[in-house]
Amino acid sequence: MKTYPIPMVPGPVVVPDAIRKVYLDAYGSGDLEPEFVELYTRTQRRLKTIFNTRDDIVIMTGEGMLALWSALKSCLVPGDRVLTVATGVFGYGIGEMAQSLGADVKTVGFSYDETINDMARIEAAIAEFKPRMITAVHCETPSGTLNPLEELGRLKNAYQIPLFYVDTVAGAGGVPVLADDWHIDLCLGGAQKCLSAPPEMSFLSVSPKAWEIIDAVGYVGYDALNPFRQAVENRYFPYTPNWQGVAALYVAAGLLLDEGLENSFNRHDRVASRCRQRLVEMGIDLFPAAGAVPSPTVTAAKIPQGLTWETWDRRLRDAGLVVAGSYGPLAGKVFRLGHMGTQADPDLVDQALDVIAGAL
Ligand SMILES: *Cc1c(COP(=O)(O)O)cnc(C)c1O
């Protein structure tokens, strides 16, 4: 298998040794053992700290997309009104996912290089449409942007909208997430971004209001949230608990909390500023528009003039650096450096930028 000395993909990121070790060594029979329940509840507690929430945390086996689908399928019935505030691939995508479930979706859309602004337009849409759920994406990874959510949360609360659904898969751990202060009911995270764990676990906070709705909807399926409500109390999980995955997440969250969340946020900020500054000095255009908030966890920039993504990617790989392209309307135009989790490392990012400078 080919490995690259300078990995800069925005997830899955490089898994540090301490997490690899516990992942390989964790062993148990899951639901039969009190030790698993203990591990699970301790992991829940750590994730609550990262989300700044008192709400329940559900930890599931499956990538980030599992949490995205699970929360929609567990909370929505056909005809439910969903207001999607979208600034990129995931934002618009969540609207399409809700629509595929029969929801009545209205989108307040921004262009892919923008972050949430024009609160008056959003407020008017909330007042007129009276949605059951508002959806938003915190870090819009394909665009390298970070949406401010405080104001949106304030509107959700002021208009007494039942559910606020937020995808912070690529934000949690690298930037502040204030799930309770921002009135988030379903706050979605993944293991393989800023937490630097293997790409197989996802987690979300579930507010009391969300549990009430989940119970009333009664969705049944492999990805259903309902069976998790009493899982700890009843010591009965909907499928064989994944010791390895939960143990990895436990250690990953512990590493972040040992570092200190503020220190982690500062590390991500510093690395991201340096990355953007050096790209601009080289004459590479950043993708986010002036006025948009760039994400501290991932930088999106325009592929240098006259080069295709394939040529650019090949050049960088030949020099040992792997970056990511992008998706949807950004495919072939944008490349991305994922400085999140273990990869928010000043030396690693400098090596990556040296390769980029040499490849121009
Ligand atoms: C990575 C990511 C996800 C989850 O995607 P997976 O393919 O399941 O890893 C969801 N939302 C955002 C914003 C992400 O960056």
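In which strand is the place of V206? V206 belongs to strand β10, which covers residues 201-206. Before we walk on, a word on what you are looking at: this is a predicted model, in which local features need pLDDT of at least 70, side-chain atom pairs count only at pLDDT 80 or more, and totals for chains, interfaces and linings use all residues. Residues are numbered from 1 along each chain as its sequence is written, and side-chain values use heavy atoms, with hydrogens and water left out. Strands here are DSSP runs of E with at least two residues, helices are runs of H or I with at least four, and both are numbered from the N terminus.

Let us stay with V206 for a moment. V206 has a relative accessible area of 0%, so it counts as buried; the term buried means under 20%, exposed means over 50%, and partly exposed is in between, using a 1.4 Å probe and protein chains only. Setting aside neighbours within four places in sequence, V206 is in contact (heavy atoms within 4.5 Å) with D55, D56, V58, D185, L186, W211 and I214. I57 is 149 residues from V206 in sequence, yet their C-alpha atoms are 6.2 Å apart in space.

Now turn to the ligand. Around the ligand you will find E63, G64, M65, F90, C139, T141, D167, V169, A170, Q192 and K193, each with a heavy atom within 4 Å of it. Several polar contacts can be picked out, meaning pairs of N or O atoms within 3.5 Å; within protein, one atom must be able to donate a hydrogen and the other to accept it, and residues adjacent in sequence count only if both atoms are side-chain atoms. From G64, a polar backbone atom lies 3.2 Å from an oxygen of the ligand. On its own the ligand has 380 Å² of accessible area, and the protein covers 86% of that; such areas come from the Shrake-Rupley method with a 1.4 Å probe.

V15 sits in the loop between β1 and α1, and it is buried because its relative accessible area is 15%. Beyond its neighbours within four places in sequence, V15 touches R20, S196, A197 and P198. The loop between β1 (6-7) and α1 (17-25) also holds P12, which is joined to G11 by a cis peptide bond with omega of about -5°.

Why do such backbone angles deserve a look? Most residues other than glycine have a negative phi, and most peptide bonds are trans. D118, not a glycine, has a positive phi of about 55°. D118 lies in the loop between β4 (104-109) and α5 (119-129) and, at 37% relative accessible area, is partly exposed. K130 likewise has a positive phi, near 45°, and its loop runs between α5 and β5 (133-137). With 56% relative accessibility, K130 is exposed.

Our last stop is R267 in helix α10, residues 261-281. Is R267 buried or exposed? R267 is buried, since its relative accessible area is 18%. Not counting residues up to four places away in sequence, R267 touches E259, G341 and A344.
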